[in-house]
Amino acid sequence: MKQKFDIITSTCVPLPLENVDTDQIIPARFLKATTREEKFFGDNLFRDWRYNADGTLNKDFVLNNPEFSGCILVAGKNFGSGSSREHAAWAIAGYGFRVVISSFFADIHKNNELNNFVLPVVVSEAFLAELFDSIAKNPKMEVEVDLPNQTVTNKATGSSEHFDINGYKKHCLMQGLDDIDFLVQNKQKTELWEQANK
Amino acid sequence: MNTLFDKIWDKHVVQQVEDGPTQLYIDRLYCHEVTSPQAFDGMRARGLKCFRPQQIYCMPDHNTPTHDQDKPIEDPVSKKQVDTLAKNAAEFGLTHYGMMSKDNGIIHVVGPEKGLSLPGMTIVCGDSHTSTHGAMGAVAFGIGTSEVEMVMASQCILQQKPKSMRITVNGQLGKGVTAKDVALYLMAQITTSGATGYFIEYAGSTVEALSMEGRLTLCNLSIEMGARGGFIAPDETTFEYLKGREFAPKGEEWDKAVAYWKTLKSGDDAVFDKELTFDAADIEPRITYGTNPGMGIGINDAIPESTQKEPSLLCTFEKALNYMQFKAGQKLLGTKVDYVFLGACTNGRIEDFRAFASIVKGRKKADDVVAWLVPGSWAVDKQIREEGLDKVLAEAGFEIRQPGCSACLAMNDDKIPAGKLSVSTSNRNFEGRQGPGARTILASPLTAAAAAITGVITDPRELYK
């Protein structure tokens with residue numbers, strides 16, 4: 001899970017839908033697990049879109065289309081809306097995605113991705129539209145996500161954009177560190193706050 | 001600048017991380033069984049104890065059956081998750097309100113009614129509807145499981161400070177128009193992502209006139225506009241509601257607390273990053289027609305032709321209507337309803353049961369409608385019986401089930417069957433939310449009651465005549 005980030009170059013899986021909510025990413029009936037088994041959640045990523053009601057594969061869904069593969073998911077705006085379930089981020093990571101590109105992410109889900117070493121990359125609407133277009137024309141086209149330089153590049157067209165991430169979180173992703181390590185180290189500051197405010 | 005959100009947030013800043021987020025102190029953490037087990041596992045793996053166990057309250061609500069709670073849960077996987085919470089709470093020394101305890105219920109119903117959620121607090125839970133507690137004048141927001149673990153380990157969280165938004169609604173709500181309709185109206189106006197990145201303060205005469213229950217409903221639905229949370233400055237309605245509650249301050253402490261709470265309001269010179277104003281007179285009873293809560297209309301209106309702006313993504317709107325088996329331009333009044341659900345952290349409080357009962361009193365439930373009435377907590381259940389609402393409901397053909405999240409997200413047995421149409425007082429109409437293939441129309445308790453009586457989508461005001 002704590003995979004260090006650097007530069008990722010990959011083909012993409014396109015999901016040109018808006019408002020993809022976390023109930024679709026992982027339906028509630030898969031939230032009963034008491035452990036964080038990535039494979040279980042990955043196997044059930046987009047479960048009700050991937051499979052028909054009778055359990056057979058839905059051949060029309062992009063994850064079942066062998067033309068598309070790679071560790072970058074490209075989705076329409078407002079990705080990850082709705083429920084706070086971190087299981088959605090576990091499912092995305094468990095399936096093998098390391099980057100999600102969209103023009104807009106729901107807040108809680110965005111944090112959940114970052115806390116699971118999946119990088120949410122926010123791009124402009126124009127960049128996203130061009131990217132969907134490039135993938136449709138050539139599913140083998142690649143995208144380069146360069147975390148150190150904070151750039152994302154559509155290698156089919158050469159278009160490139162800068163993306164935002166705060167310096168602290170970038171450091172965590174590149175070094176494989178998490179927030180809990182940081183907070184535990186800062187307990188003394190917390191105690192000082194309590195003394196001043198309680 | 002100088003908003004109430006700034007005041008509460010800034011007071012809780014432990015430190016600003018360089019080129020990074022804020023380390024924010026959290027007064028209250030609530031845990032339910034679904035989003036906590038992996039956090040407890042993480043704590044064990046790191047060999048950590050909870051830093052401030054007395055500030056953490058646990059209760060199962062998502063998996064709890066709504067019948068026979070005195071017997072073991074039949075679904076072994078649900079049972080394991082509920083049992084795991086009890087075990088974890090005991091191991092880490094946390095308060096736990098187990099199933100069948102008189103203190104149990106939906107976490108967002110129990111917190112306010114026990115006085116655990118107070119004005120000026122920072123409150124988090126691994127649940128997006130934590131925004132509910134904002135009704136008390138608290139900064140309350142949903143978090144992921146990794147963040148639950150952060151709070152267990154340190155009573156703090158690392159967050160970017162959201163931007164501030166004030167939504168002002170002025171005027172008197174029409175008869176038959178509730179806080180739920182206000183929220184559904186706001187979502188349709190600003191979309192499900194319109195408030196993403198923001199924390200909302202609700203204000204204006206309409207909001208001030210809402211009861212505490214109505215405010216809880218409104219704040220509950222903040223997340224459905226994309227907001228981290230939404231809250232209302234505490235006032236006499238808040239203090240009146242809190243006075244005497246189990247964990248509310250008592251005696252001299254109460255007077256001191258109220259004096260402080262009275263300072264909790266945005267300054268006259270407050271500057272918000274965004275301000276929106278609406279008129280209560282424009283709000284009718286609302287229903288949704290699509291597969292996100294922003295896809296809503298006035299109950300007498302027709303489904304719009306298309307709400308999509310980007311032609312390349314048109315499939316989102318069409319996909320939603322295909323799933324719902326509705327057509328663009330169609331009116332939904334008179335559409336046959338199969339299920340009615342009253343409950344959830346959105347509308348499972350006493351006032352919601354009073355509203356539902358006011359419509360069904362002296363009438364009979366439509367024969368072919370299955371109705372699930374699920375109180376938000378045992379305390380709500382008790383009050384329903386004390387007020388005699390149980391008799392009114394029984395005479396009209398309704399039974400009251402046992403408390404829990406129930407059909408809001410169908411993690412227990414309360415699943416709407418595939419293809420069936422449900423009128424639900426819950427918060428989300430996502431595909432499969434109430435069970436695989438279930439079709440959900442979100443509405444107020446009044447509109448749900450009207451559908452339960454007539455068997456079709458009905459303007460509740462028709463039943464006032």
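A:P14 stands opposite A:V74 in β3(A). That pair is a handy way into this predicted model, in which local features need pLDDT of at least 70, side-chain atom pairs count only at pLDDT 80 or more, and totals for chains, interfaces and linings use all residues. Residues are numbered from 1 along each chain as its sequence is written, while chains are lettered from A and ligands numbered from 1 in the order in which they are written.

**Chain A overall**
- Chain A has nine helices and eight strands; helices (H or I, at least four residues) and strands (E, at least two) are DSSP runs, numbered from the N terminus.
- The C-alpha trace of chain A spans about 60 × 45 × 25 Å along its principal axes.

**The sheet in chain A**
- Here four strands make an open sheet, ordered β2-β3-β4-β5 (chain A), and the pairing is parallel; two strands pair if DSSP finds at least two bridges between them.
- At the edges lie β2 (12–15) and β5 (119–122) of chain A, each pairing on one side only.
- From one strand to the next, the twist averages 20°.
- β2(A) runs parallel to strand β3 (residues 72–75) of chain A, and four bridges join them.

**The sheet in chain B**
- Chain B holds an open sheet of four strands with parallel pairing, in the order β16-β15-β17-β18.
- Its edge strands, β16 (370–373) and β18 (439–442) of chain B, each pair on one side only.
- The twist in this sheet averages 20° from one strand to the next.
- Three bridges link strand β15 (residues 339–342) of chain B with strand β17 (residues 421–424) of chain B in the parallel sense, and B:V340 has B:V423 in β17(B) as its bridge partner.

- In chain A, the axes of helix α4 (residues 87–95) and α5(A) come within 8 Å and cross at roughly 45°. Axes are lines fitted to C-alpha atoms, for helices over the stretch in contact, and angles run from 0 to 180 degrees between N-to-C directions.
- That angle makes α4(A) oblique to α5(A); angles under 35 degrees count as roughly parallel, over 145 as roughly antiparallel, 65 to 115 as roughly perpendicular and the rest as oblique.
- A:A88, A:A89 and A:I92 in α4(A) meet A:H109, A:N112 and A:E113 in α5(A); residues are in contact if their C-beta atoms, placed from the backbone, lie within 7 Å.
- In chain B, the axes of helix α2 (residues 37–46) and helix α5 (residues 145–154) come within 8 Å and cross at roughly 50°, so α2(B) and α5(B) are oblique to each other.
- This contact uses B:Q38, B:A39, B:G42 and B:M43 of α2(B), together with B:T145, B:V148, B:E149, B:M152 and B:A153 of α5(B).

**Where the chains meet**
- On chain A, 48 residues are in contact with 59 residues of chain B.
- Several helices of chain A each supply at least two residues to the side that touches chain B, among them α1 (22–25), α6 (125–137) and α9 (187–197).
- α5(A) gives the most to that side, with five residues.

Terms used: Contact = placed C-beta atoms within 7 Å.
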